[in-house]
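My notes below follow the order of looking things up.

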Amino acid sequence: MTWIILILAGLLEVAWAVGLKYTDGFSKPLPTALTLAAMAGSVALLGLALRTLPLGTAYAIWTGIGTVGTVIFGIVVLNEPASALRVGCIAMIIGGIVGLKLSTV
């Protein structure tokens, strides 16, 4: 269950990172409120996951999910470049996430 909580925390990190794009400098009330709610939820879920997971592992996986998800959103939705180098770097981050998960008992 802890890993599911951590994954949800990472997905909410993607939501707030993407939400920042749509707040227009926090001048749009609804996107701002949703972004702040996603931030609070993400950190709260990370805190719950930290009850049983090592800090370094949980934090790295949380930020990794957020990073990969945000980059993929940018590529798919915002038409950002998907160069071989970017895709390769995403693959390395995913490899690191998997490695940290496998190394945590």
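I began with residues 57-78: their end C-alpha atoms lie 30 Å apart, and the span is 91% helix and 0% strand. I took helices as DSSP runs of H or I, at least four residues, and strands as runs of E, at least two, numbered from the N terminus. This is a predicted model, where local features need pLDDT of at least 70 and side-chain atom pairs 80 or more, while totals for chains, interfaces and linings use all residues. Residues are numbered from 1 along each chain as its sequence is written, and side-chain values use heavy atoms, without hydrogens and water.

I looked at residues 84-102 next. They are 100% helix and 0% strand, with end C-alpha atoms 27 Å apart.

The axes of α3 (residues 55-76) and α4 (residues 84-103) come within 10 Å and cross at roughly 150°. That makes α3 roughly antiparallel to α4. I used lines fitted to C-alpha atoms, for helices over the stretch in contact, with angles from 0 to 180 degrees between N-to-C directions; under 35 counts as roughly parallel, over 145 as roughly antiparallel, 65 to 115 as roughly perpendicular, the rest as oblique.

I searched for aromatic pairs, with ring centres within 6.5 Å (planes under 30 degrees apart are stacked, over 60 edge-to-face, the rest tilted). I found one pair. The rings of Tyr-59 and Trp-62 have centres 5.6 Å apart and planes at 50°, so the pair is tilted. Both residues lie in α3, three residues apart, about one turn of the helix.

Definitions and conventions
Phe/Tyr/Trp six-rings, centres within 6.5 Å; stacked < 30°, edge-to-face > 60°.
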